[in-house]
Amino acid sequence: YLSNTSTLSTKMAKSFPEEVLEHVFSFITSDSDRNAVSLVCKSWYEIERWCRKRVFVGNCYAVSPRILTRRFPEVRSVEIKGKPHFADFNLVPEGWGGCVYPWISAMAGAYPWLEEIRLKRMVVSDEALELISTSFCNFKVLVLSSCEGFSTDGLASIAANCRELRVLDLRESEVDDLSGHWLSHFPDTWTSLVSLNIACLGSEVSFSALERLVARSPNLRTLRLNRAVSLEKLHNLLCRAPQLVEFGTGAYSSELRPDVFSNLAGAFSGCKQLKGLSGFWDVVPAYLPAIYLTCSGLTSLNLSYATIQSPDLVKLVSQCHNLQRLWVLDYIEDIGLDALAASCKHLQELRVFPSDPYVVDPNVSLTERGLVAVSEGCPKLQSVLYFCRQMSNAALVAIARNRPNLVCFRLCIIEPRAPDYLTLEPLDAGFGAIVEHCKELRRLSLSGLLTDRVFEYIGTRGRKLEMLSIAFAGESDLGLHHVLSGCESLRKLEIRDCPFGDKALLANAAKLETMRSLWMSSCSVSFGACKLLGQKLPRLNVEVIDERGSPDSRPESCPVEKLYIYRTVAGPRVDMPPFVWTIDEDAALRV
Amino acid sequence: MELQLGLALPSVPFSKGFDLNSCGYEAKEVLGGFDSILDCNVEKSSEEKKRSFDEAFDVQSVQVPETLPLLVWNQQTEHNYPENSSSSITRSDEEEEEDGIIGWPPIKYRRKKLCHGSPISDANCWTVGNGESGGGGDGGHSRGPNPTYVKVKMEGVTIARKVDLSLHHSYQTLTHTLVGMFGRCQEDVKAYKLTYQDNDGDWLLAGDVPWGTFVRSVQRLKVLNNGD
């Protein structure tokens, strides 16, 4: 068998020069296709690895920087994700990990021609930013999504040293905002800016520096300002950048003055390519008409910080006939969602955020009816994130029947374990209908009162489900077993406050190696079970995260606070904080 | 897509022989689903490991328990949480309740900041703050002219609510409103008793003092099941 293969390879190598294969491979851009190509034979593996330019690392601890740089020597673009998703909701203790410095350090040596770094939920220090700014002479794109650990000093290094920078996008990162002075570090000769997103910054940047920057950037397409930029100043920027495609305002409020209004309206109408708007903190409704002329061209509107009432929202949204994406607060109410359903027939993505999430009494009239209306009226709707206070099985069934093309469905009923408000039954049937009808569903978040039954539906019908989020649901291990023994495509599972114990996990241990990660917090998984998993499955890192002290100081049957299990080829972490333990192959506890 | 360095196993039916429940460890199992079918016997022979999972999880034969006393369990583990994790940074002291749920509802920190303490300019329709720290954009639906909000909890319910006392003039209307707030039937009013914490920190049964005195001294309310 072996000799046949090598004869074949030799024949192929002789008849098909590497350069040709490389050229063919250059048309293959999707990572999964590239991975498939690399498995065909050794020579294809070699050729492919030498010409792979873009790498995505979904879990920074699944592979080490050294393994990456050794296998792919010519990478130009890297994307890395760190903390698990539930870190967004404060469930991952501070200091857990996800530090990017070792990656930057390794790539600084291996990839002098690196152009793009995209990071999500990673800890990025000022030292890391400085190292980036001095190591990659051709560096073009920096995207820091939900990152933390750096200050405006780090940004100053990037500004000062990255001569080829095109994109600086700080999406929702937590930045230690020392001053706005960093922006002035961009040299006057630098004119290649394409995208700047500083919406997450608190302090004011020098407006004149910003103005000059915008004026000398003819390729600027995306500009997202922070709240500190006042409304009166917007027209200065917009007039200098009429080619903008995406724009985020600062605080959208000012004393009502006709000259300010007309300047603003004029500036907006000059931006003929505008497709997306965001920002809108502190909205004064009287200034909203300034953007009316842009509405017919808008495909994306983020009003999720706009604290304005339904009538104003309706007036705005009803003019956006080409809208594909809307993020909005629940001030829009059912009545506003009716208007959305009537006006925005191209809507693909809707996110409705709660304006007052910590009070169970509804402060607005937003119910399940609004979502049903949108599901009826918007034939292209495929992605939903919806916070509300009541739901019924009937509504979920209607949504499922209306929109079998749903790809992402995330429902958050604010009160945990809230039943169908009409029948007081669990919402099993409703979510069951969702997975039954929406055959392309890839992401699902559950809420409300749910028994083990819903997991049976999900396990058997959620064939394309890749990510599942569960909270305050289920009755026994059977629920978890249904999910782990079904859901063929499952990659990420995150669970909190559910009565799932050891049995389902141990019975389906092999499943865990086919997934990126499993997160379970406030469940009933014992330390003993974690040890067993860590021992028997060496290709998994089983992390016990427990701030009560060493699990050895409690009986093995005691449930752990949090566990995070992920597959890895990098072995156990070497950077664990004191509250994280993993288990060695010999079941020794390692800190 | 992931960096697949030979990590993905070919999809095998997981039920065949990879059940760590028979590895000699007494797995902890929660409430009913497993133990009644899968006999957790350490001496099981390897043949018996291959019980088909259809057989094992025949739902009809399982005593699936009623809704669990999850709250009891939750409270135990919540007391295990260290102090610092119970405060989401943006919450005022009022929000740091012993039963507060961390990270729920699932909203990012940045948005939480907005809900509590966003400056409400006069140009908006919302009335200015309601006297509590962290007053966000309240809907204005059920507010009196001088709203007096106090926190209310009902025994056995996780999330607290707020009630505007200025809208009430008697214990009766208050109790009825509270019972309705927690989704209970109005006929069940008699099944509950209302207690309150006064400004000395003492918990008292509501109804003994005149309404006016009560309103002036009440700090928070708790609805308890009668017969406790």
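Predicted model: local features only at pLDDT ≥ 70, side-chain atom pairs only at ≥ 80, totals over all residues.

Q: With which residue does R369(A) form a salt bridge?

A: The general idea is that side chains of opposite charge can pair when their charged atoms come close. Here R369(A) is paired with D334(A), and their closest N and O atoms are 3.8 Å apart. D334(A) counts as buried, at 8% relative accessibility.

Q: How many salt bridges does the structure hold over all chains?

A: The total over all chains is 33. Among them is the pair of E211(A) and R240(A), whose closest N and O atoms are 3.3 Å apart. E211(A) lies in helix α9 (residues 207–215) of chain A and R240(A) in helix α10 (residues 234–240) of chain A, so the pair ties together parts 29 residues apart in sequence. E211(A) is counted as buried, at 17% relative accessibility, whereas R240(A) is partly exposed, with a relative accessible area of 38%.

Q: Which residue forms a salt bridge with R351(A)?

A: The partner of R351(A) is E349(A), and the closest N and O atoms are 2.9 Å apart. E349(A) counts as buried, with a relative accessibility of 16%.

Q: Which residues are linked in a network of salt bridges?

A: Such a network links D546(A), R548(A), R554(A) and E561(A).

Q: How many aromatic pairs does a search of the whole structure find?

A: A pair of aromatic rings is described by the distance of the centres and the angle of the planes. Over all chains, the search finds 23 aromatic pairs. One of the pairs joins W211(B) and F214(B): the centres are 5.3 Å apart, the angle between the planes is 45°, and the pair is classed as tilted.

Q: Where do W211(B) and F214(B) lie in chain B, and are they buried or exposed?

A: Both belong to helix α6 (residues 211–217) of chain B; because they are three residues apart there, about one helical turn separates them. W211(B) and F214(B) are both buried.

Q: Which residues do ring pairs link into a cluster?

A: The cluster consists of Y61(A), W96(A), W519(A), Y564(A) and Y566(A), linked by ring pairs.

Q: Over which rings does the charged end of R111(B) sit?

A: One is the ring of Y305(A), whose centre is 4.8 Å from the charged end of R111(B). Another is the ring of F353(A), with a distance of 3.7 Å to its centre. In both cases the arginine belongs to chain B and the ring to chain A.

Q: How many disulfides does the structure hold?

A: Over all chains there are zero disulfides. Take C51(A): the nearest cysteine sulfur belongs to C41(A) and is 13 Å away, and C51(A) is in no disulfide. C51(A) is buried, its relative accessible area being 8%. For C271(A), the closest cysteine sulfur is that of C239(A), at 7.7 Å, which is too far for a bond. C271(A) is buried as well, with a relative accessible area of 5%.

Q: Where in chain A does R539(A) lie?

A: R539(A) is in the loop between α20 (527–536) and β21 (540–545) of chain A. R539(A) is partly exposed, with 37% relative accessible area. Along the chain, R539(A) and L68(A) are 471 residues apart, while 17 Å separates their C-alpha atoms.

Q: How many helices and strands are there in chain B?

A: Chain B has six helices and five strands. Read from the N terminus, the order of its elements is α-α-α-α-β-β-α-β-β-α-β. Of the 228 residues in chain B, 41% are buried. Among contacts in chain B with a separation of 6 or more, 40% are between residues 24 or more positions apart.

Methods: Residues numbered from 1 in each chain as written. Chains lettered and ligands numbered in written order. Heavy atoms only, no water. Phe/Tyr/Trp six-rings, centres within 6.5 Å; stacked < 30°, edge-to-face > 60°. Helix = DSSP H or I, 4+ residues; strand = E, 2+ residues; numbered from the N terminus. Buried < 20%, exposed > 50% of the residue type's maximum accessible area, 1.4 Å probe, protein only. Lys NZ or Arg CZ within 6 Å of the ring centre and 35° of its normal. Disulfide = S-S within 2.5 Å. Salt bridge = Lys/Arg side-chain N within 4 Å of Asp/Glu carboxyl O. Contact = heavy atoms within 4.5 Å.
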